Amino acid sequence: TAVFPGTSNSLRVGDGRSDKIVSIVPFKDFRLAVLKENSVHIVDANPANTVSDYTIQLVSDRVGCLAEKSAVRVGNDIMFLSRDGVRTIGSAYQQDQIGTSDPISLPIQDVIEKINWEYASKSCATFWRGRYMLTVPYLNSTVPNVTIVYDTNTKAWAGIWTEWKPSMFDVYEPLDGRRRLIWPDTNHNNIVYLRDHIDE
């Protein structure tokens, strides 16, 4: 059940079976993507309507989201970690039809198979400068320690990055106006940032 702030109304997403909500991500045109463990739904949360009039569309009852912080808005899509790899919502968006993709991580299936699935729910992701960056617990690690990177411009995986151990990502905009990607790093229990804004 999702409760919307400022109202006394609640909205049940799904058919009431024990399929808990993992993540809620803003989508297009007042819509919200509700990603559950075993299903995906789209809620039309148009503020012109009351909560009781919100419409709910079942996108898939076979695909779910494994990690709350893996679900990220990427342009007109949402990318997330499912039990069989990285999938998207919205790439099948035509004439108001929304669907989930097949796993787009098939080209790196050898990497996907080495995720420590027992701790995969700790995975976290961000969309930064055209790249979906997903950090997962790899091999025997119990914390996210390997980052797989998808370049949305080339529609290709750009390899794996190591030595990062984020528990989440965020964007920081200091007074000098240069937005920076930052994260709490479990390597040293401190906050670090990506130095990609520095000229060569």
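What volume does the largest pocket have?

## Pocket

The largest pocket has a volume of about 230 Å³, where a pocket is an open set of 1 Å grid points that take a 1.4 Å probe, with protein on both sides within 12 Å along at least five of seven lines, and lining residues have an atom within 4 Å of a point. This is a predicted model, in which local features need pLDDT of at least 70 and side-chain atom pairs count only at pLDDT 80 or more, while totals for linings use all residues. Residues are numbered from 1 along each chain, and side-chain values use heavy atoms.

Of the 15 lining residues, Lys69, Val72, Ala125, Thr126 and Phe169 are the closest to the centre of the largest pocket. Strand 10 gives the most to this lining, with four residues, and strand 3 (21-26) and strand 14 each supply at least two. By class, the lining has 10 nonpolar, two polar and three charged residues.

## Aromatic contacts

The structure holds five aromatic pairs, counted when ring centres lie within 6.5 Å, with planes under 30 degrees apart taken as stacked, over 60 as edge-to-face and the rest as tilted. Phe169 and Trp183 form an edge-to-face pair, 5.7 Å centre to centre with 65° between the planes. Phe169 lies in the loop between strand 13 (156-162) and strand 14 (170-172) and Trp183 in strand 15 (residues 180-185), so the pair ties together parts that are 14 residues apart in sequence.

Phe169 counts as buried at 10% relative accessibility, as does Trp183 at 3%, buried meaning under 20% relative accessible area with a 1.4 Å probe. Trp161, Trp164, Phe169 and Trp183 form one aromatic cluster.

Technical notes. Rings of Phe, Tyr and Trp (its six-membered ring) pair if their centres lie within 6.5 Å; planes under 30 degrees apart count as stacked, over 60 as edge-to-face and the rest as tilted. Buried means under 20% relative accessible area, exposed over 50%, partly exposed in between (1.4 Å probe, protein chains only). Grid points are joined across faces, edges and corners, and a volume is the space filled by probe spheres set on the points. Ala, Val, Leu, Ile, Met, Phe, Trp, Tyr, Cys and Pro count as nonpolar, Asp, Glu, Lys and Arg as charged, and the others, Gly among them, as polar.
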